[in-house]
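I opened this model with a notebook beside me, and these are the entries I kept. Follow along in the viewer if you like.

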Amino acid sequence: MKPHWLVGLALLPVGFVARKLRNDPQFGASLRQMKQRDYQGTAAWKMGQFRNLDKTPLREDLRSLMGDLVGYIKAKQTQPAAPLPVAVAESLSQLDPAADYLTWYGHSALRLETGGQTVLIDPMLGEWVAPVPFLGHRFPYKDYHPLEGIGTIDLMVFSHDHYDHLDYHTVLALKDRTKAYLVPLGMGAHLRAWDIPEERITELDWWQSTTIGSITYTATPARHFSGRSPSTRNKSLWCGYVIQTAQHRIFFGGDSGYGRHYPMIGERLGPFDLTMLDSGQYHKHWKNVHMQPEEALRAHADLGGKWLLPIHWGGFSLSDHAWYDPIARIEAADKTECVLSPLIGQRFAMTQAGQYRERWWERVRE
């Protein structure tokens, strides 16, 4: 949940908010449920909550939050003037089981297909990124039906519990098709609150690894925060993931500000064939928990990445910059020609990643 959504919630009638907090399952686990497990001795748990490696202050005083809200209301071009183009992926039967394929659904939602397995990463495939239906609606797309072609899901991976990454409606829609879930420490409480069986959930601390199917996942530090309500702030961990398939080493960064964790990850676990890094929905008050596009390029270099797929843009307006600003800025700053820009929903083989560099957003701006 981003700061200006907190402002929006604060402006709602108190009684309505109280009922939502008490009854709406979208809020996930309660504080009581999240406190049922002890995280003493784990990498990021200190004094009753999870912490970042670097000091990470946030500007959340009332004056700053109200200023953010006013700035957002006054901002221009935060929404596309026309529906964004969407590529319809080919049939699964046409895929090479020995190759790795990626599909970006906008924002940070991705699908990885490798070795006959289908993995969804931060699959926010719903329409709203807030627990109330008038904050943060998805951009208009020309043809958007991602749930129809997914089929059975071997694993659903989440980086943290904010609404624009962990979507209650997507989880419920795919619950009967999903075999397993991978989350950072504490986040399993939300899934259990939504009746996901305990035996399907794996929780990882920073630097811990697990192998699910033929893929090895390592949770890595990120610089962010968590919480689906004020009471559960930082009661679950946030992370990125190193994803090692039979063919490639991939890095998914989740939400993160720039910090010393990127050189650490690069040194310990890099280099990477492809990185997917937070490059959008930035603001001067959130500089410690979201990267500017140019910082994403710096993090990509720290990680030893070959190709960079910018994420956290193209789905929702959560800040006051133009909707296309993230991709336009990172593409302009890209001196090594590493930035990829596939269409939303466009499946591509990792071995052919360099072909997906079209400036399609410029057609929508005109």
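**Entry 1: a charged pair.** I began with Glu-203 and Arg-192, whose side chains meet in a salt bridge at 3.2 Å, N to O. By salt bridge I mean a side-chain nitrogen of Lys or Arg within 4 Å of a carboxyl oxygen of Asp or Glu. Glu-203 sits in strand β8 and Arg-192 in helix α6 (residues 188-193), so the pair ties together parts that are 11 residues apart in sequence. Helices (H or I, at least four residues) and strands (E, at least two) are DSSP runs, numbered from the N terminus. Glu-203 is buried, with a relative accessible area of 17%, while Arg-192 is partly exposed at 23%. Here buried means under 20% relative accessible area, exposed over 50% and partly exposed in between (1.4 Å probe, protein chains only). I also noted a network of salt bridges linking Arg-37, Arg-192, Glu-198 and Glu-203.

**Entry 2: ground rules.** This is a predicted model, where local features need pLDDT of at least 70 and side-chain atom pairs count only at pLDDT 80 or more, while totals for chains, interfaces and linings use all residues. Residues are numbered from 1 along each chain as its sequence is written, and side-chain values use heavy atoms, with hydrogens and water left out.

**Entry 3: other salt bridges.** How many salt bridges does a search of the whole structure find? I wrote down 13. One is between Arg-260 and Asp-54, with the closest N and O atoms 2.6 Å apart. This pair links distant parts of the chain, 206 residues apart: Arg-260 is in the loop between β12 and α7 (261-269), and Asp-54 in the loop between β2 (49-50) and α4 (62-74). I looked up Lys-179 and Asp-154 too, which form a salt bridge at 3.3 Å, N to O. Lys-179 is exposed, with a relative accessible area of 51%, whereas Asp-154 is buried at 18%.

Entry 4: Arg-228 lies in the loop between β10 (215-220) and β11 (240-244).

**Entry 5: strands.** An open sheet of 7 strands runs β8-β7-β6-β5-β4-β3-β15, with mixed pairing. β8 (201-204) and β15 (348-349) stand at the edges with a single partner strand each, so one side of each has no neighbour in the sheet. Two strands pair if DSSP finds at least two bridges between them. Elsewhere in my notes, β10 and β11 run antiparallel and are joined by 5 bridges, with Thr-218 partnered by Val-242 in β11. A hairpin then joins β11 to β12 through 4 residues. In β11, 4 of the 5 residues are buried, so the strand is largely enclosed by the rest of the structure.

**Entry 6: the core.** The largest nonpolar core has 90 residues, and those with the most contacts inside it include Tyr-217, Ile-243 and Trp-323. Such a core is a set of buried Ala, Val, Leu, Ile, Met, Phe, Trp, Tyr and Cys residues joined through side-chain atoms within 4.5 Å.
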